[in-house]
Structures are given as C-alpha cells and as structure tokens.
Amino acid sequence: RLSVIIGALQQPHVKINVPGYPGELTEHEVDACLQFRRRLEEKAKLVDDANGRHYQEIVDAFHSVEEEPYALCRFLRARKFDVDAVMDMVEQGVEIWKEGKKHNFFPDANVAVGNPISVLRTQYPVVYSGIAKNGCAVSYFKAGQISVEGVECVTTLEKLTNLGWHQMIYTFPKQIAKAQKIDPDIVRCESVAVVDLKGLRAASLNARTLEVMKSMAKINQCFPEVLNCMIVLNAPGFFSFSWTVIRKFLDPRTAAKIKIFSDEKKGKAYFIRTC
C-alpha cells in the first residue's frame, strides 16, 4: 500500500502540472506527505485519545471523490508542507468537526435551515454550476441580492452555518462526482467562486452578517485549499473598508486567492483567462 501511495505522489494518473500537487512534488514534499500520512495513522490508533480518529476523518472528508495523494497534498499546501503546522491546523478543526458530526453534517438541507431550501434561495442566491477549464467546480453567489431581513424570515443567520456543513459534505462532493462521470480526469476537490456584489447595500454588511462569515470561516478550517480562487464582481466603493475587516478572519492563503473587481467586464475577462 505504501509503495502505491509513493507511486501516486510521484507519478499520478492525472498530472495537474502545478507545484504542490502529485507529480510536481519535490523530494522534501513527498517525504512530508508520507510523514503526515503516518502521523494520521498513529493518531487514529491512540486508544487514550478520543479525538484521534477525527484527524483522519477530516482529511478524508471527500474520500468518495478525492484520491488520498491529492487529499494529503491539499492539506500540506495550506501550511507549505510543514507537517507539524498541518497537524496543528487539523487539531484546531477537531472540535468544529465534532460539532458538525453530532448532526451528521445536516444531510437534509431543508432541515438544516428549518424551511424549504428553495425558499431560502430566493433570499440567499448561491448555486454550483459546471466545471471551470482548470477542473474546479464553479459556484455563483449573487451576494448583492441578499436580503438579510428576508433570510431571517426563512431561517436564522446562525442556521446558515448548518447549511455550510451540508454544502461541504454533501453538495460539493456530489458536484465533483457529477463532473467526474463526464471527465474521469477531474481530480481537484477545489472550487472557483464567483461572487456578484451588484446591488449590495452597506447596511447588509452589519455585525450579524460578519458573525455568520466568521462561523463559515471556522467550518472552512476543516476544508483547507478547497478555494481555488474567488472572483468578486461589481464591488461598490464602500466594500474596500468592509474587505479590510473581512480579511482579518480569513487564512492569509485564502485571502490571497480573492480577486476584487469593481468593473464586471474586467472580472469576467479574468475568469475566462485564468480559470
């Protein structure tokens, strides 16, 4: 089994040709993958550590659509292949993971938000649709059309965190699986997020909205490097101040992947050129 993993890290059946991915790893990075894998196995075997098995569960969250070498690399890229730092990162996510697991990560979206998800979508319009040229799932979020008052009529802002678990554990892998049926060479469990701020009101970015964003950011701690890039369109002038606040509770690597455009045409051109 170990020789198979080493082979897949060095010569995967699908090569992405990007540093930090299987097939493009340095000798040090391959060693880091093997060390990380070994430490996860050791954690899972510790009888006196009730949380040990959760480390492996977090890394294997997308096991139905993500091969082990790609999962190992995804976590290690988040901390520049520093195994100790990655183990610390996973440890910080364990309690968050356990909270979601209590509810089986909310398999029913309607139950997660307390009302039909179709109704929520009218106030909180976000969908997955298609695969980008780089092999990543694409999501579209019309954030400028969010009605905070409307959302709170359908659900609570806190319950949107439940929806976050549902999307990451159920919706996102299903989207990847659907794409893999069409193209078996799709191996990246990553997404390109297109966020349209057209129509956004400054009043929508209040303290409660930011608290929900913080909660969602905590969930994302269990899913490092899932965001390939985010393209924000039609950013209004006041958003620059809001972005200064928002980026403080984002991982620096995540924040660096977010490109903001006030000009929609320039944003779309960037999407076509890079994704």
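Modeller: One term to start: buried means under 20% relative accessible area, exposed over 50%, partly exposed in between (1.4 Å probe, protein chains only). Also, this is a predicted model: local features need pLDDT of at least 70, side-chain atom pairs count only at pLDDT 80 or more, and totals for chains, interfaces and linings use all residues. Residues are numbered from 1 along each chain as its sequence is written, and side-chain values use heavy atoms, with hydrogens and water left out.

Colleague: How many residues of strand 4 are buried?

Modeller: Six of the seven in strand 4 (residues 227-233). Strands here are DSSP runs (E, at least two residues), and helices are H or I runs of at least four, numbered from the N terminus.

Colleague: Which strands does strand 4 pair with?

Modeller: Strand 3 (residues 191-196), parallel, over six bridges. Strand 5 (residues 258-260) also pairs with strand 4 in the parallel sense, over three bridges. Pairing needs at least two DSSP bridges between the strands.

Colleague: What stands opposite Leu-233 and Val-232?

Modeller: Asp-196 is opposite Leu-233. Val-232 faces Ile-260 in strand 5.

Colleague: Switching to the largest nonpolar core. Which residues touch the most other members?

Modeller: Phe-36, Phe-62, Trp-97, Trp-165 and Phe-223, out of 45 residues. Such a core is a set of buried Ala, Val, Leu, Ile, Met, Phe, Trp, Tyr and Cys residues joined through side-chain atoms within 4.5 Å.

Colleague: Which helix gives the largest share?

Modeller: Helix 5, with eight residues.

Colleague: And what does Trp-165 touch?

Modeller: Its contacts (heavy atoms within 4.5 Å) include Trp-97, Phe-105 and Phe-223, not counting residues up to four places away in sequence. Another core, of 28 residues, lies apart, with Tyr-124 and Leu-227 among them.
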